[in-house]
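Student: I have a model open and want to go through it piece by piece. Can we start with the structure itself?

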Amino acid sequence: MTDPQTTRPSGPFREGDRVQLTGPKGRMHTISLRADGELHTHHGVLRHADLIGRPDGTVIANSSGHDYLALRPLLRDFAMSMPRGAAIVYPKDAAQIVMQADIFPGAVVVEAGVGSGALTLSLLRAIGPSGQLVSFERREDFAEVATANIETFFGGRPDTWRVVVGDLVESLPEELPAGGVDRVVLDMLAPWECIDVVADALTPGGVVLCYVATATQLSRVAEYIRGTGLFTEPDASETMVRGWHVEGLAVRPDHRMVAHTGFLITARRLAPGAIAPEVKRRASKSSYGDEDVELWTPGAVGDREITDKNLRKRVREAEKAAAAARIAAESRVTEQTTE
């Protein structure tokens with residue numbers, strides 16, 4: 001079996017390809033090409049067949065003469081437009097996670113939870129064809145959406161990835177040997193509940209990275225990591241991205257920006273028996289009591305729920321796109337083997 005990660009998403013558009021169309025006034029539409037498919041808008045009709053066989057970056061007119069730019073979506077475009085079961089990790093944070101956690105080709109990486117698979121895509125790209133990514137997800141329906149999204153983007157399931165439906169604390173020791181994991185990325189409400197099992201799984205010098213939404217979660221996980229004595233001093237940050245309008249001499253910041261989405265906190269596993277040098281810091285209120293802990297529980301923090309009906313719809317959308325992508329990937333492999 002050919003690993004989808006080793007096939008290049010290039011060349012002329014094929015049936016099943018995911019295509020991003022930019023039309024009048026900059027509005028975007030993302031479609032999966034079908035021989036009999038059509039895109040209907042109030043500007044007219046664009047036939048999919050008119051795109052199949054044309055090169056990436058084509059400009060094509062619809063039935064009313066309106067021009068559309070056709071491009072294969074970049075990873076960031078796909079992540080923002082794919083069906084979602086759970087909220088996604090935004091591209092700006094995914095890029096920082098890959099850098100701050102130092103996800104490298106050949107790495108053994110653990111991810112929890114998988115959500116809709118947006119971060120999973122970036123991690124799979126980073127580990128390359130020789131790495132291994134194991135994603136843990138408590139909810140089977142979220143895992144189904146994520147699996148379909150990964151297969152849609154790569155045109156099949158990468159050999160370097162597997163998803164485990166279950167709790168990380170219970171399942172990680174069964175899935176991977178102690179000390180055999182290079183990097184762990186935790187995207188969940190209460191990552192401090194997993195730190196002990198993560199410490200056992202990480203190789204000395206390995207990195208744990210937690211993605212949390214609120215300052216109270218950030219404080220709780222930082223204090224827990226410190227309290228174990230098994231990691232280096234945790235380092236916390238957030239990323240804000242501000243676009244710029246550049247047109248002639250009209251150069252100014254955009255009126256809108258992608259500001260806070262979450263905090264990243266990282267630490268590295270110490271060698272067995274090692275004690276990190278004490279960090280001298282000013283006295284502060286670093287301790288907390290039972291009442292503070294109550295404020296940090298997942299229920300108090302709040303978890304956005306998606307209705308079952310909505311989620312079933314997202315699963316159908318994702319699986320439909322995945323089936324189309326597999327067709328395009330098989331066509332791509334056939335072309336490459338006959339060249």
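Student: Is Phe-153 buried or exposed?

Tutor: Phe-153 counts as buried, at 19% relative accessibility. The cut-off for buried is under 20%. Keep in mind that this is a predicted model.

Student: Which aromatic pair does Phe-153 form with Phe-154, stacked or edge-to-face?

Tutor: Phe-153 and Phe-154 form an edge-to-face pair, with 5.2 Å centre to centre and 85° between the planes. Phe-154 is buried, with a relative accessible area of 6%.

Student: How many aromatic pairs are there in total?

Tutor: The count is 2 aromatic pairs. Phe-78 and Phe-153 make a tilted pair, 5.2 Å centre to centre with 50° between the planes. Phe-78 lies in helix α1 and Phe-153 in helix α4 (residues 140-154), so this pair ties together parts that are 75 residues apart in sequence.

Student: And Phe-78, buried or exposed?

Tutor: Phe-78 is buried, with a relative accessible area of 3%. Phe-78, Phe-153 and Phe-154 form one aromatic cluster.

Student: What lies over the face of Phe-142?

Tutor: Arg-139 lies over the face of the Phe-142 ring, at 4.2 Å from the ring centre.

Student: Another arginine, then. Where is Arg-72?

Tutor: Arg-72 is in the loop between β6 (67-71) and α1 (75-81). The residue is buried, with a relative accessible area of 11%.

Student: Which backbone oxygens does the Arg-72 side chain reach?

Tutor: A polar atom of the Arg-72 side chain lies 2.9 Å from the backbone oxygen of Gly-11. The side chain also reaches the backbone oxygen of Pro-12, at 3.0 Å.

Student: What else is Arg-72 in contact with, leaving aside neighbours within four places in sequence?

Tutor: With those neighbours left aside, the contacts of Arg-72 include Pro-9, Ser-10, Phe-13, Arg-14, Asp-17, Arg-18 and Asp-56.

Student: Pro-9 is on that list. Where does Pro-9 lie?

Tutor: Pro-9 lies in the segment before β1 (18-22). Pro-9 is exposed, with a relative accessible area of 53%. Leaving aside neighbours within four places in sequence, Pro-9 is in contact with Arg-72 and Arg-332.

Student: What is the C-alpha separation of Pro-9 and Ala-328?

Tutor: Their C-alpha atoms are separated by 9.4 Å, and the two residues are 319 residues apart along the chain.

Student: Step back for a second. How many helices and strands are there?

Tutor: The protein has 10 helices and 15 strands. Of its 339 residues, 45% count as buried. Among contacts with a separation of 6 or more, 67% are between residues 24 or more positions apart.

Student: What about the accessible surface of the protein?

Tutor: The accessible surface comes to about 17,700 Å², and 52% of that belongs to carbon and sulfur atoms.

Student: Let's do helices. How many residues of α3 are buried?

Tutor: Helix α3 (residues 118-127) is mostly covered, with 9 of its 10 residues buried. Among them are Leu-119, Leu-121, Leu-123, Leu-124 and Ile-127. Gly-128 follows α3 and has a positive phi, near 70°.

Student: And what is the reach of α7?

Tutor: Helix α7 (residues 215-228) has 14 residues and reaches 20 Å from its first C-alpha to its last, close to the 20 Å expected at 1.5 Å a residue. Buried residues in α7 include Leu-218, Val-221, Ala-222 and Ile-225.

Student: Which residues other than glycine have a positive phi?

Tutor: Lys-25 is one of them, with phi near 65°. Lys-25 sits in the loop between β1 and β2 (28-32), and counts as exposed at 87% relative accessibility. Asp-102 is another, with phi near 55°. Asp-102 lies in the loop between α2 (91-100) and β7, and is partly exposed, with a relative accessible area of 41%.

Student: Last topic, peptide bonds. Which one is cis?

Tutor: The peptide bond from Ala-112 to Gly-113 is cis, with omega near -10°. Gly-113 lies in the loop between β7 (108-112) and α3.

Technical notes
Residues numbered from 1 in each chain as written. Predicted model: local features only at pLDDT ≥ 70, side-chain atom pairs only at ≥ 80, totals over all residues. Heavy atoms only, no water. Helix = DSSP H or I, 4+ residues; strand = E, 2+ residues; numbered from the N terminus. Expected span 1.5 Å × (residues − 1). Buried < 20%, exposed > 50% of the residue type's maximum accessible area, 1.4 Å probe, protein only. Contact = heavy atoms within 4.5 Å. Polar contact = N/O pair within 3.5 Å; in protein donor to acceptor, adjacent residues only side chain to side chain. Phe/Tyr/Trp six-rings, centres within 6.5 Å; stacked < 30°, edge-to-face > 60°. Lys NZ or Arg CZ within 6 Å of the ring centre and 35° of its normal. Areas by Shrake-Rupley, 256 points an atom, 1.4 Å probe, with all protein chains shown as cover.
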